[in-house]
Amino acid sequence: MNCAECREHVLEAEPLEIAAALSGSQEGVGPSVISVEGPSGASFREHVAGCPGCMTAAEWVMAAQEELVGDLSVLSPRRSLYVSVPEAVLEAARRSRRTRRGSWGIAAAAVAAGILAVRSMDLEVGGEPSAVEIVATAPVVATVLTPAVDASLDENVAVFETEDSDIVVFWFYEGRGQ
Amino acid sequence: MMTASIRIAAACLVASVALSLGACVAGDGAPETETRTFEVLYLDDWVVERLVEPYVYSGREGAPGMASVVQGKLTVRETPENLRRIDETLLEFDRPKPMVRLVFQIIEANGEQGVDPRIADVEAALRQLFRFDGYRLLGEVMVYGTEGNELFQEFDVPDLGPSAIEAVIMNVRADSAGGTVQLELRFHAGSRTVFGTTVRVRAGQTAVLGRTPSSIGSRNIILVVRPELQQIQE
């Protein structure tokens, strides 16, 4: 797996798989993690472990997801969204991979782009070309074909595709650490 | 032997006729060109210029192609075949911009127990993502416009007071997949701007905009917009 493939995989991998890759090994990782790994799981883990740039990208995606979940947790009337949102995202990913993997890839990329694009950080890319466009200007249009949405400097936006392909959800939330 | 010679002569004759008639080659070897002016009804001059550029061979020796556009009049000097292609291209793309119908819905996530059939599809999608107890339709607005139009619609939303939708139809692309619409949106409730952003969605697709934390105290207001394209009859 090269850097481009790795970063594409980061955008569509499930959080537990990314977490496992960041841990550097399977040690201490339960069977639920192994079960969510795709066929490229081993090479993904190896590449992340040996590539500082891709490790940073993976850490970013994880941090962005945690931040989003944290912000959305204020909406939780029934139970903690820290649990329910990842579950929803994972379930959507599973359903999507069974039915239309390509679309989920776009959705995941859109979420990541929406979150990452408004962060004024640089990602060091070593050696191989990057599949992830990091834009450090703002306001930024998070564009992944269609749909697209603008996010201002002080906010992030997540783009969710739903089971109904005719409905797309843009959810704005406060940015932190700008 | 005699038969073979006749066949060769006949083949030469056919080839000669084809060369002089079919390929329209002038006596000096350069192809014949004609000049024709097309009337462009809907496309901007600069778009037409770019559109026909690949069909105009300005570097052709002996009979260079030329094109100029001014105030919707496109004049081209090219071979009859290329003029026909340009005609076909204009016929395909020089069409009126479609009318855009925008349907807005203002929804509050507030624990409403029943399901409003007017927002049933959006509610189902939101329930996949979030765990609000329920959703209530506060208001619905429909406006029409075309690309470049700025739309402003005032209305009252229960409990929110005087509200207004501002929308600029920035870009409309009609394509074989149904087209896309790019909108600059602002939703004002009272003195507050609840949403202000630019979105692009497919025609017929529903964009659901939400925010955390809410910009109206503890009330979670969700803006839904669905653009639909309606072709204008020529």
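This is a predicted model: local features need pLDDT of at least 70, side-chain atom pairs count only at pLDDT 80 or more; totals for chains, interfaces and linings use all residues.
View 1. Helix H3 spans residues 80-93 of chain B. H3 lies across S1 and S3 of chain B. Its direction is at about 5 degrees to S1(B).

**View 2. Three strands of chain B make an open sheet.** The sheet has 3 strands, in the order S1-S3-S2. Pairing is antiparallel. Strand S1 (34-39) and strand S2 (66-70) of chain B are the edge strands, and each pairs on one side only. From one strand to the next, the twist averages 15 degrees.

**View 3. S1(B) pairs with S3 of chain B.** Strand S3 covers residues 73-78 of chain B, and 6 bridges join S1(B) to it. The two strands run antiparallel. Opposite B:Thr35 stands B:Arg77, in S3(B).

**View 4. Helix H4 of chain B has a buried face.** H4 takes in residues 120-129 of chain B. Buried here are B:Val122, B:Glu123, B:Ala125, B:Leu126 and B:Leu129. Seen down the axis of H4(B), the buried residues fall within an arc of 165 degrees, so they line one face of the helix.

**View 5. Confidence along chain B.** Mean pLDDT for chain B is 83, with 85% of its residues at 70 or more. Over residues 1-23 of chain B, pLDDT stays under 50. For this stretch the model has 3 contacts beyond four places in sequence. The model scores ipTM 0.70 and pTM 0.56.

Key. Residues are numbered from 1 along each chain as its sequence is written. Chains are lettered from A and ligands numbered from 1 in the order in which they are written. Two strands pair if DSSP finds at least two bridges between them. Helices (H or I, at least four residues) and strands (E, at least two) are DSSP runs, numbered from the N terminus. Axes are lines fitted to C-alpha atoms, for helices over the stretch in contact, and angles run from 0 to 180 degrees between N-to-C directions. Two residues are in contact if their C-beta atoms, placed from the backbone, lie within 7 Å. A residue is buried if 20 or more other C-beta atoms lie within 10 Å of its own, exposed if 12 or fewer, and partly exposed in between; C-beta atoms are placed from the backbone. The arc is that of the directions from the helix axis to the C-beta atoms. pLDDT is the predictor's confidence in each residue, from 0 to 100.
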